[in-house]
Amino acid sequence: MADVYKEAFWAAYSYTRTQLARTRMRVLLVSALALYGAALAKPSAVDSYVAKESPIAKAGLLANIGPKGAKAAGAKAGVVIASPSTSDPNYLYTWVRDSSLVFKVIIDQFTSGKDKSLLGRIQDFVAAEKTLQQVSNPSGTVTTGGLGEPKFNIDLTAFTEPWGRPQRDGPALRSTAMIAYANWLRKTSSTANVVKNLWPAIKLDLDYVVANWNSTGFDLWEEVSASSFFTTAVQHRSLREGAALAKALGQNASAYITQADNALCFLQSYWNPTGGYITANTRGGRSGKDANTALASVHTFDPAAGCDAATFQPCSDKALASLKVYVDSFRDIYAINKGIAPNAAVATGRYPEDVYFGGNPWYLTTAVVAEQLYDALIVWKAQESLKVTSISLPFFRQFLSSVTVGTYGCTSSTYKKLTAAIKTFADDTLAIHAKYTPANGGLAEQFDRATGVSPAPLSAVDLTWSYAAALTVFAARDGVSPASWGAKGLKVPKVCKPGPPVPTANMTFNVLATTVPGESIYITGSIDPLQNWSPDNALLLSSANYPTWTITLTVPASTNFEYKYIRKTNGVLTAWESDPNNSVSSPANGTLVVNDTWR
Ligand SMILES: *[C@@H]1O[C@H](CO)[C@@H](O)[C@H](O)[C@H]1NC(C)=O
Ligand SMILES: *[C@@H]1O[C@H](CO)[C@@H](O)[C@H](O)[C@H]1NC(C)=O
Ligand SMILES: *[C@@H]1O[C@H](CO)[C@@H](O)[C@H](O)[C@H]1NC(C)=O
């Protein structure tokens, strides 16, 4: 072979070999990438659940809204039924809280451009709530406390039976929903339009919050009459964003700003530094560990506020510490959580002492655990770091036992390990939600604490709030965050000031009751001056006009409340009056005399 050919041969040979090697490399690389890509792209069980459940939750939510919702027959336009369940329990009513939370989801979907078809429903909701504001009800009229009424009939008439009233989160949540809509309308229409059509209704609710944030009421579970973290947190938010809207509309914002500062100050008092968690209620004889607090964090999430602890943002040290304490309180009490590692996801309910329907995990309270964590992940990603403080250390140690107090940038292995483990924990929480959801995707209120693998939904079927909570946790998992509401950079006042003085009136209670020596008559009832149904602290009546026993008290004006007389012998409770409770309305001013006979 001539040299020239030899060279050509070798050149060709080596070219071919290189090409072969390259090709082989490429094949290897491509298949490796394909494997890796498949691993990345292969939907996890949670991805599949979210994909399947999202449209079901959306449809389930819309089905519960009148007048056209498939399960909302009889509901007026814009009315959200809590659930189509009409017995055991009967939830075929409309609650201001549930409706407002549901419409906040709808308004966010609409204003973000995700679903333009929702506008008509939003307009119906605004009209329905404007009507409800004016309906006289057992909590009062529009000017005497009626806005604190928690629930109405679905034809927009008052519900007049005994109930845990007032509930003071309703006006706050309703204004938050309407403000979200008003902010969109302001940009797309005109200020004048908002001032005319939305502001009057928003102002009524904000003024109610101003006047009443510093008064007790029933909590979001309608059981405890006290001050409640969720209520104060959402009240603070509504005043803050209400002030911003008022300014934008050329209205007087000063009362909203003043009382927002006062409410923010009071909000700090729910933190229990010894237990390392947020106490849900100031009274009620429970541990105070409650989904109330995670719900508050999620419903006051402001992505611009970072991990601010003053507003208990989802990634704040206090809210994370509290989340761990709350979740852990369900590890030992539900059979379905048995055998799950102490740092792994579990099903959670409202609060560990719950006995309603046997005290079970709820879909919305399990979802909110995941949502708080997804919200936290959104903020950590945006700020490219996360901070571990002495307060949040126990929370983070569940995921990395060696972690210490410090700030970890997003390129550090600590940050990567923690965020990956927290994402897994959140997904595992959703996997539990999925595991106990029946095949048709229907979300009831609760699922059975005792059953094994098969889903056993309990209590009200198709709970609208369960669907809303599913939609928001799914959005948070996708990295979608709600609009900012002004939580950034707030300063907590050094000294807490009370809200505006509550107008008072006097009431004289006379009760005709014969007694034996050593026996006395006392009174207790549903308001602070009547000691909130505490027989121990019940007030002693005077026997000066025996057999009429009497007492005069100063009570909040224009307020409906319930009460009973009780007998004590030498200070020991011997009898309550028979049911039902007495109920009365205090006057707007002056003194009202009530004449009762023991029964
Ligand atoms: C009212 O606010 C003051 C000041 O923060 C606080 O001490 C008090 O407990 C509050 N009471 C209620 C019922 O909110
Ligand atoms: C705005 O409201 C505050 C308190 O509610 C009041 O004192 C003040 O006079 C009002 N300002 C105007 C300009 O109306
Ligand atoms: C209630 O009674 C007290 C004490 O007698 C009195 O000072 C007060 O003015 C009365 N309040 C009303 C609203 O009449």
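Reader: How many salt bridges does the count come to?

Author: This is a predicted model, in which local features need pLDDT of at least 70 and side-chain atom pairs count only at pLDDT 80 or more, whereas totals for chains, interfaces and linings use all residues. Residues are numbered from 1 along each chain as its sequence is written, chains are lettered from A and ligands numbered from 1 in the order in which they are written, and side-chain values use heavy atoms, without hydrogens and water. A salt bridge is a side-chain nitrogen of Lys or Arg within 4 Å of a carboxyl oxygen of Asp or Glu. By this rule the number of salt bridges is 24.

Reader: Which residue forms a salt bridge with Arg350, and is that partner buried or exposed?

Author: Side chains of opposite charge can pair when their charged atoms come close. The side chain of Arg350 meets that of Asp354, at 2.9 Å from N to O. Buried means under 20% relative accessible area, exposed over 50%, and partly exposed in between (1.4 Å probe, protein chains only).

Reader: Why does Asp328 count as partly exposed?

Author: Asp328 forms a salt bridge with Arg331, with 2.7 Å between N and O. Arg331 is buried, because its relative accessibility is 10%. Asp328 counts as partly exposed because its relative accessible area is 24%.

Reader: How many residues apart are Arg599 and Glu577?

Author: The side chains of Arg599 and Glu577 meet in a salt bridge of 4.0 Å, N to O. The pair links distant parts of the chain: Arg599 lies in the segment after strand 19 (591-597), and Glu577 in the loop between strand 17 (572-576) and strand 18 (582-585). Strands (E, at least two residues) are DSSP runs, numbered from the N terminus. The separation of Arg599 and Glu577 in residues is 22.

Reader: Which residues are linked with Asp47 in a network of salt bridges?

Author: Salt bridges also join into a network that includes Asp47. The residues linked with Asp47 there are Lys423, Asp427 and Arg477.

Reader: Which residue has a polar side-chain atom 2.2 Å from an oxygen atom of ligand 3?

Author: Ligand 3 is surrounded by Thr504, Ala505, Asn506 and Gly590, where a residue is near if one of its heavy atoms lies within 4 Å. A polar contact is a pair of N or O atoms within 3.5 Å. The residue with its polar side-chain atom 2.2 Å from a ligand 3 oxygen is Asn506.

Key. A polar contact is a pair of N or O atoms within 3.5 Å; within protein, one must be able to donate a hydrogen and the other to accept it, and residues adjacent in sequence count only if both atoms are side-chain atoms. Helices (H or I, at least four residues) and strands (E, at least two) are DSSP runs, numbered from the N terminus.
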